[in-house]
Amino acid sequence: MEVGAPDYLAGERQTAEFDVESMKVTWAGSRHALEVSDRMARLVASDPVFRKDNRVMLSRKELFKNTLRKAAHAWKRIVELRLTEEEASRVRFFVDEPAFTDLHWGMFVPAIKGQGTEEQQQKWLPLAYKMQIIGCYAQTELGHGSNVQGLETTATFDPKTDEFIIHSPTLTSSKWWPGGLGKVSTHAVAYARLIVDGQEHGVHGFIVQLRSLDDHMPLPGITVGDIGMKFGSGAYNSMDNGVLRFDNVRIPRDQMLMRVLQVTREGKVIQSDVPRQLIYGTMVFVRQTIVADASCALSRAVCIATRYSAVRRQFGSQNGGPETQVIDYKTQQSRLFPLLASAYAFRFVSEWLKSLYTDVTEKLQRGEFSTLPEAHACTAGLKSITTSATADAIEECRKLCGGHGYLANSGLPELFAVYVPACTYEGDNTVLLLQVARFLVKTVSQLGSGKVPVGTTAYMGRARHLIQCKSNVQSAEDWLNPQVVVEAFEARSLRMSVACAENLAKFPNPEEGFAQLAADLVEAAAAHCQLIVVTKFFEKLQQDIPGKGVKKQLQILSSVYALYILHKHLGDFLSTGSITPKQGALANDQLRSLYSKIRPNAVALVDAFNYTDHYLSSVLGRYDGNVYPTLYEEAWKDPLNDSVVPDGYQEYIRPLLKQQIRNARL
Ligand SMILES: CCCCCCCCCCCCCCCCCCCC(=O)SCCNC(=O)CCNC(=O)[C@H](O)C(C)(C)COP(=O)(O)OP(=O)(O)OC[C@H]1O[C@@H](n2cnc3c(N)ncnc32)[C@H](O)[C@@H]1OP(=O)(O)O
Ligand SMILES: Cc1cc2nc3c(=O)[nH]c(=O)nc-3n(C[C@H](O)[C@H](O)[C@H](O)COP(=O)(O)OP(=O)(O)OC[C@H]3O[C@@H](n4cnc5c(N)ncnc54)[C@H](O)[C@@H]3O)c2cc1C
């Protein structure tokens, strides 16, 4: 905010009962992370190349070119200022526009790191790190996305020339969707069925050059282009999601990523001791980052809706006094505050998931693979529930802002359009929950065998207790006890998984049973993932959290998150007998009282996200709350208002009016 400018939300900030600066540190993860984030946010906001207020007005071509300009400029600044990887990734975050670089850094590089041999990494990574080649992740095809084993592109080994022949045998085998592919990437990690000596060996990744490094023209045998406009006007259209066909394209044998499986010069296929699933490792990595992204997108929407709800007034004027701030309506609170709590919950679960991922990656380097299934289940499940909840929440925030939320300059329509594909990419959310369900059913089925469940399924080891325990909640206060809450969530989750396992056992064919019970399995999986989020929020509170009143606020938010989920899924809790209807009603009583505790802190709690006005790009979410004059000024900047009489008047309006006059005379 400019020095000396009026702060229309000052009153809201004065009622805060905690130290906002300390909360900023907790949200960012550390003082260092906050400092880096703050510095990079200002760097981006002060650079005119990174302006974004005109984004929705640009044509697709202009938008795309502008994105190329921003990406090139960001890279120039990263090199000039010798930014660290952490700083560079914050620059990307604040530039706030999907671009080919996301796939280059986020998937192409990790695919080579995770699936390439040492030699392959040494050859390709330095080129990729300097952006002397630009890569994408070309897995999905026109006919298959979720079913990776169903991909049709082939990679046939030719022992005569020591090459693979990459081919698209059908229309449906055309690569379709990869970001960065359409117009920019020079290379792809392309996924194809490996065929050696007429035998198939599953889907593997191959580094394929697509375009000339001299003139950017597609290489012989490559047909490549953009797949067309996507949802929304600006949004994800800054990305060149592409189509790609291979017509018997030859690549050297050493361009197959061979960490999992090797093909020798003689055409021998050697399976290493690394599990096949590591081919899916890049997706595990990205799913983990998507959970962190969910907390960012959600907190951004909530920040806008909270500030605006404090500015906006409707009804309730007494004796000519001001009307009621809409944030004081209990309905507004019950819709908004759970989303605020969810933003914090997703933030902390993403922190935990990152540490789990780092731990599993270190183990994989040492040849320990036992934790891979849990890492897969956690990343898939949390990616699924956090992105679904965030997409719904952004739309709810738009509605919380009434009519003005529908204006592009509220920032919410664009945020929704750009965010919502997260429910689909990197694994459709339902498909991913079914993966979690497989993991849970397997864990349940092994309970009798003496195998002790660990990690996020450790609670299943107490199945005998959890299957019959009764919650001892007697008052609304009791719901503030984390142990009580966790036990209710554990009982619900375990009982849902056990019920699924028991029902599955009734089918002679397990796969048929899995297909028939899929809807229940998805619900059991979601219940397990919600338990993880609740537990990790409570565990966060066991840590030392400095700053006046900060821990107290987080305790309130953790209870709000848990009780909101409980209230929303009350049917599950009741039908599994995890709690009684009376206890469900008490949870709701507690929730209401928690909302009142959040109310004086609401604006400060969203200030703690430390978002600049540039990043928020929302008139409604401005830090200073100066909404109405800005909305008014912005309206006049619309190109339609360039002229008082619109273009088209002479051709289309005037004749109409004249005709009416003539008709009236008749
Ligand atoms: C200088 C620095 C600058 C910094 C800039 C920084 C910028 C960085 C930005 C980064 C952001 C990145 C943004 C990216 C944007 C996203 C773009 C989107 C990209 C994509 O969408 S890529 C395509 C994604 N596709 C999918 O997700 C497909 C989903 N399908 C699957 O994953 C699989 O097909 C599926 C559903 C798992 C089934 O596979 P299948 O082989 O058929 O497996 P089974 O069901 O039979 O299971 C077999 C067995 O394997 C286990 N399994 C499955 N998957 C995994 C896994 N991933 N890991 C480990 N194990 C796995 C499964 O559980 C089964 O186990 P069993 O024990 O039961 O046998
Ligand atoms: C913006 C965007 C960017 C993308 N970027 C990339 C990229 O860079 N690289 C890349 O390779 N791919 C990319 N993709 C593709 C993406 O990964 C796939 O779209 C995604 O994995 C979903 O697969 P699908 O499209 O085949 O959906 P489908 O599987 O066809 O889903 C359609 C419906 O069928 C349901 N369904 C499917 N299978 C089952 C099942 N077994 N049981 C129950 N229901 C089922 C789903 O729930 C869904 O409702 C991108 C997609 C988008 C939208």
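This is a predicted model: local features need pLDDT of at least 70, side-chain atom pairs count only at pLDDT 80 or more; totals for chains, interfaces and linings use all residues.
Around ligand 2 there are 22 residues, of which Gln 139, Thr 140, Gly 145, Ser 146 and Trp 177 come nearest. Two elements, strand 1 (135-138) and helix 12 (429-445), each give two or more residues to this shell. Helix 12 supplies the largest share, namely three residues.

Ligand 1 is surrounded by 32 residues, and the closest are Gly 106, Gln 277, Tyr 280, His 376 and Gly 427. The elements that give two or more residues to its shell are helix 5 (85-95), helix 6 (100-115), helix 8 (281-311), helix 10 (372-400) and helix 12. The shell around ligand 1 divides into 13 nonpolar, 14 polar and five charged residues. Domain 1 and domain 2 both give residues to the shell around ligand 1, so this ligand lies between them.

The chain as a whole can now be considered. It contains 23 helices and eleven strands. Its C-alpha atoms fill a box of roughly 90 × 75 × 65 Å along the principal axes. For 666 residues, a compact globule would have a radius of gyration near 26 Å; the chain has 27 Å, which agrees with that expectation. Buried residues make up 45% of the chain. Among contacts with a separation of 6 or more, 74% are between residues 24 or more positions apart.

Methods. Residues are numbered from 1 along each chain as its sequence is written. Chains are lettered from A and ligands numbered from 1 in the order in which they are written. A residue is near a molecule or strand if its C-beta atom, placed from the backbone, lies within 6 Å of it. Helices (H or I, at least four residues) and strands (E, at least two) are DSSP runs, numbered from the N terminus. Ala, Val, Leu, Ile, Met, Phe, Trp, Tyr, Cys and Pro count as nonpolar, Asp, Glu, Lys and Arg as charged, and the others, Gly among them, as polar. Domain bounds come from an automatic or database domain assignment. The radius of gyration is taken over C-alpha atoms; the globule rule is 2.2 Å times the number of residues to the power 0.38. A residue is buried if 20 or more other C-beta atoms lie within 10 Å of its own, exposed if 12 or fewer, and partly exposed in between; C-beta atoms are placed from the backbone. Two residues are in contact if their C-beta atoms, placed from the backbone, lie within 7 Å.
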